[in-house]
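I opened my notebook to get to know a new structure. Here is what I looked up, entry by entry.

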Amino acid sequence: MIDRRPAPSRSALASLAAAACACALLAGCGTPARPLESSITDMESLQLRSWLSPQLRRNIDLLPVTGGQETSRWWGSRINAMTLNQTYQESFRRLGLMPDVPDTGRYQLQVEVLALAQPNVPVLPEVALSIRYTLTERAAGGGKVLYQRTLRTTQKAGIDDSLNPTEQLRIATESALRNNIADLVRELASLALPT
């Protein structure tokens, strides 16, 4: 049997190719991490709060978080400085660590994002995040360092999270940051702080 349908015209093929390119570009656009999705969840905060010592509650002032990067409009999922600061403030509020009046806590926490590693090909992406934390006692002329450590967390995202590879990358990035904050809180909870 002979197929008698006409062959597609060049203009139809060109239109189809242009549509495919547009879809590929849209799927590859960068989507920045979001503060609320990167923050400790209410459920996590309930569990983590029970481990915190009374010395830490309402006693940690956050210094401005450094190391943020803007997301490229073409690719990736970075965490900019504003999102980082909002994420830490929201997480510490939920955990009851921030003082009611700013700059009155007994301790100061410095947070510096050192590295955010993401794959070039976003098929089931795994993201790695390294953040250095320094907790100091507030004192005139510089306080004593009570805790300093770099924490590294990794997180994968897959088809269960989203069918869009760019969204998978954003979700993995947000989860890596959230897990890093949770690891920090667990370590702070184990500190032997002076009373």
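I began with a term: a contact means heavy atoms within 4.5 Å. I then looked at contacts in the protein chain between residues at least 6 apart in sequence, and 72% of them join residues at least 24 apart.

A note on the source: this is a predicted model, where local features need pLDDT of at least 70, side-chain atom pairs count only at pLDDT 80 or more, and totals for chains, interfaces and linings use all residues. Residues are numbered from 1 along each chain as its sequence is written, and side-chain values use heavy atoms, with hydrogens and water left out.

Next, the layout. I found five helices and four strands, taken as DSSP runs (helices H or I, at least four residues; strands E, at least two) numbered from the N terminus. From that end, the order reads α-α-α-β-α-β-β-β-α.

Then I checked burial, where buried means under 20% relative accessible area, exposed over 50% and partly exposed in between, with a 1.4 Å probe and protein chains only. Of the chain's 195 residues, 42% count as buried.

I turned to T87, which sits in helix α4 (residues 81–95). T87 counts as buried because its relative accessibility is 0%. Leaving out residues up to four places away in sequence, T87 touches P35, S38, S39, L177 and I181. S38 lies 49 residues from T87 in sequence, yet their C-alpha atoms are 6.1 Å apart.

My last stop was S175, in helix α5 (residues 165–189). S175 is at 10% relative accessibility, so S175 counts as buried. From S175 to S39 I noted 136 residues in sequence and 8.7 Å in space, C-alpha to C-alpha.
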